[in-house]
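Biologist: Could you walk me through the surface and the pocket of this protein?

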Amino acid sequence: LDLGFLVLYTWAFFTIASKLSINVFRGGNDSILFMIFFWILPISVYSIIQEVFFNGQTLGKRILRIKVVTIRGRQPSLTQYMVRWLFRLVDVWGSMGIVGIVVAATNKYNQRVGDLA
């Protein structure tokens, strides 16, 4: 669900940019800064910001009624959220999700590398 929300956000970003006649692909400093602050940055921090401020839930997790908890069922600390988020680079983005799927499929609690860390 969260990926769907990010795709919807991306569509809205480019639709609004085109309506405002902002050519985000022309490569000038203004367009690069616009893309960083209004597209790349929000997508990059989507999960960490929501999980920290909404008790372990993103919008997608809230709809599915699931949330991030520690192995003892408690709310993770900010450090634990950060480690989990940083390992997403390896788990999800760096391997197109393959590492996360393989690791989750082969451990007792079905956790990806970020969750184990």
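Here are a few questions and answers about the model.

Modeller: First, this is a predicted model, where local features need pLDDT of at least 70, side-chain atom pairs count only at pLDDT 80 or more, and totals for chains, interfaces and linings use all residues. Residues are numbered from 1 along each chain as its sequence is written, and side-chain values use heavy atoms, with hydrogens and water left out.

Biologist: Is Leu 3 buried or exposed?

Modeller: Leu 3 sits in helix α1; helices are DSSP runs (H or I, at least four residues), numbered from the N terminus. Buried means under 20% relative accessible area, exposed over 50%, and partly exposed in between, by a 1.4 Å probe with protein chains only. Because its relative accessible area is 58%, Leu 3 is exposed.

Biologist: Which helix gives the most to the nonpolar patch?

Modeller: Leu 3, Phe 87 and Trp 93 are among the members of this surface patch. Both α1 (2-19) and α4 (78-93) supply at least two residues. With five residues, the most comes from α4.

Biologist: How many residues of the lining of the largest pocket come from α4?

Modeller: A pocket is an open set of points on a 1 Å grid where a 1.4 Å probe fits, with protein on both sides within 12 Å along at least five of seven lines; lining residues have an atom within 4 Å of a point. Here 36 residues line the largest pocket, with Lys 61, Arg 84, Arg 88, Arg 112 and Asp 115 nearest its centre. The largest share comes from α4, namely 10 residues.

Notes:
Patches are made of residues with over 30% relative accessible area and no salt bridge: like charges are joined within 9 Å, nonpolar side chains (Val, Leu, Ile, Met, Phe, Trp, Tyr) within 5 Å. Accessible areas come from the Shrake-Rupley method with a 1.4 Å probe; for residues, only the protein chains shown count as cover. A salt bridge is a side-chain nitrogen of Lys or Arg within 4 Å of a carboxyl oxygen of Asp or Glu.
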